[in-house]
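Here is a friendly walk through some side-chain contacts and a strand pairing. Have the sequence and the 3D view open as you read.

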Amino acid sequence: MPNLLTEVQVVPIKPKDGLVGFASFVFDGCLYLSSIGIYTRPNGGYRLTYPTKSGPIRSLGIFYPINHETSELIDKAVIAKFEEVTKAYTYAGHSEANA
């Protein structure tokens, strides 16, 4: 499968209620997606959340993967980038407590 995700960027933040960062990427060279939340899972690991818009009756997803394969592709790329960035940040003498 060709690399459909490019320009994956993550911005770690000071953890709050499980939220530890935000991600963006270019999908298939033609669609920029951003404001994807990165949360810690209670049992370890991370999960992604996608932007929503609150309507008068319910919240509506602005965008999100519609099949398991795409979701897995995005999860792997974003989480790998997040771990790479936070590892480099920790090695640079910072820690999540100081973020």
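Let's begin with Glu 72, which is partly exposed, its relative accessible area being 36%. One thing to keep in mind from the start is that this is a predicted model. Glu 72 has a partner: its side chain meets that of Lys 76 in a salt bridge, at 3.9 Å from N to O. Lys 76 itself counts as exposed, with 57% relative accessibility. Where do Lys 76 and Glu 72 sit relative to each other? They are four residues apart in helix α1, so about one helical turn separates them.

In general, side chains of opposite charge can pair when their charged atoms come close. The structure holds two salt bridges, and the other partners to look up are Glu 84 and Lys 81, whose closest N and O atoms are 3.7 Å apart. Both of these residues lie in helix α1 as well, three residues apart, which is about one turn of the helix. As for how open they are, Glu 84 is partly exposed at 49% relative accessible area, and Lys 81 also counts as partly exposed, at 26%.

## Rings that meet

Now for the aromatic side chains. How many aromatic pairs are there? The count comes to two. Take Tyr 46 and Phe 82: their rings are arranged edge-to-face, 5.1 Å from centre to centre, with 70 degrees between the planes. This pair links distant parts of the chain, since Tyr 46 belongs to strand β4 (residues 46–49) and Phe 82 to helix α1 (residues 68–91), 36 residues apart.

Look for Tyr 50 in the loop between β4 and β5 (52–54), and for Phe 63 in the loop between β6 (59–61) and α1. The pair therefore ties together parts that are 13 residues apart in sequence. Tyr 50 and Phe 63 are both buried.

## A charge over a ring

Another ring to look at is that of Tyr 39. The charged end of Arg 47 sits over this ring, 4.7 Å from its centre.

## A hairpin and a buried serine

Over at strands β1 and β2, you can see a hairpin with two residues between the strands. Strand β1 covers residues 5–16 and strand β2 residues 19–27, and they pair in the antiparallel sense over seven bridges. Lys 16 stands opposite Leu 19 in β2. In the turn, Asp 17 has a positive phi of about 55 degrees.

Follow strand β2 along and you come to Ser 24. This serine is buried, with a relative accessible area of 7%. What does the side chain of Ser 24 make a polar contact with? The partner is the side chain of Tyr 32, at 3.5 Å. Leaving out residues up to four places away in sequence, Ser 24 touches Glu 7, Val 8, Gln 9, Tyr 32, Leu 33 and Ser 34.

Key. Residues numbered from 1 in each chain as written. Predicted model: local features only at pLDDT ≥ 70, side-chain atom pairs only at ≥ 80, totals over all residues. Heavy atoms only, no water. Phe/Tyr/Trp six-rings, centres within 6.5 Å; stacked < 30°, edge-to-face > 60°. Buried < 20%, exposed > 50% of the residue type's maximum accessible area, 1.4 Å probe, protein only. Lys NZ or Arg CZ within 6 Å of the ring centre and 35° of its normal. Salt bridge = Lys/Arg side-chain N within 4 Å of Asp/Glu carboxyl O. Pairing = 2+ DSSP bridges. Polar contact = N/O pair within 3.5 Å; in protein donor to acceptor, adjacent residues only side chain to side chain. Contact = heavy atoms within 4.5 Å.
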